[in-house]
Amino acid sequence: MDATLNRIALQQAQAMAARDRLDHDVLGAFGGRIAPSRAGRAAENIAYGYDGFEKTLDQWIASSEHRKNLLLPNASRVGVASATSATSHRTYWAMEIAGDYEPPRVAAGKRTAPASEKKVVAAKRKTAAQPCRFKLLGLCF
């Protein structure tokens, strides 16, 4: 999970819910919206109508184009969010999937892991093994 991608997904979901319209370009072109992530490649899945993430993910897995995004080569980070329309009460979903990040800068000949990477390693140590229905970027769903 990536905080920047979560924020981008939340902005997209909220904008779709506010306009009650499923639209990748509701906030502008994807390239401009995803730029703050600094990813070399990225994709976006959007959906509406499902109250829970599991059903939304099922729909994306069943769709060849959405599944292609889920399996984006070299993807290593993901952000997911939902927002509910005040008028139709539909739940809008956005998932940002990104990868091909530049390697962290090396300081005095040694690599220093960013804080976000250290948190992921710590979280992995604490997480008990669970069976995965679908694995995406190392996350079990």
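**View 1. Arginine 38 in the loop between α2 and β1.** Arginine 38 lies in the loop that joins α2 (30-34) to β1. The model shown here and in the other views is predicted. Although arginine 38 is not a glycine, its phi is positive, at about 60°. The residue is exposed, and its relative accessible area is 72%.

**View 2. Aspartate 100 in the loop between β3 and β4.** Aspartate 100 is found in the loop that runs between β3 and β4 (106-107). Its phi is near 55°, a positive value in a residue other than glycine. With a relative accessible area of 34%, aspartate 100 is partly exposed.

**View 3. The open sheet of β1, β3 and β2.** Three strands make up this open sheet, in the order β1-β3-β2, and their pairing is antiparallel. β1 (41-48) and β2 (75-84) are the edge strands, each of which pairs on one side only. On average, neighbouring strands of the sheet are turned by 15° against each other, with direction ignored. β2 and strand β3 (residues 91-99) run antiparallel and are joined by nine bridges. Across this pair, arginine 77 stands opposite alanine 98 in β3.

**View 4. Two helices on the sheet.** Helix α1 (residues 3-19) packs on the sheet and touches β1, β2 and β3. The direction of α1 makes about 30° with that of β2. Helix α3 (residues 53-62) also packs on the sheet, where it touches β1, β2 and β3. For α3, the angle is given against β3, and the two directions make about 60°.

View 5. Which residues of α3 are buried? They are Phe53, Thr56, Leu57 and Trp60. These four residues lie on the same side of α3 because they cover an arc of only 100° around the axis. An α-helix has 3.6 residues a turn, so residues three or four places apart point the same way. The buried residues of α3 pack against β1, β2 and β3, and also against α4 (64-70). On the other side of the helix, Glu54, Lys55 and Ala62 are exposed.

**View 6. Glutamate 96, a buried residue in strand β3.** Glutamate 96 is found in strand β3. What is the nearest side chain of opposite charge to glutamate 96? It is that of arginine 33, which is 4.5 Å away. A salt bridge needs a side-chain nitrogen of Lys or Arg within 4 Å of a carboxyl oxygen of Asp or Glu. Glutamate 96 is buried yet has no salt bridge.

**View 7. The protein chain as a whole.** Five helices and seven strands are found in the protein chain. Along the sequence they follow the pattern α-α-β-α-α-β-β-β-β-α-β-β. Of the 141 residues in the protein chain, 33% are buried. Among contacts between residues at least 6 apart in sequence, 65% join residues at least 24 apart.

Terms used
Residues are numbered from 1 along each chain as its sequence is written. This is a predicted model: local features need pLDDT of at least 70, side-chain atom pairs count only at pLDDT 80 or more; totals for chains, interfaces and linings use all residues. Side-chain values use heavy atoms; hydrogens and water are left out. Two strands pair if DSSP finds at least two bridges between them. Axes are lines fitted to C-alpha atoms, for helices over the stretch in contact, and angles run from 0 to 180 degrees between N-to-C directions. Contact means heavy atoms within 4.5 Å. Buried means under 20% relative accessible area, exposed over 50%, partly exposed in between (1.4 Å probe, protein chains only). The arc is that of the directions from the helix axis to the C-beta atoms. Lys and Arg count as positive and Asp and Glu as negative; His and the chain ends are not counted.
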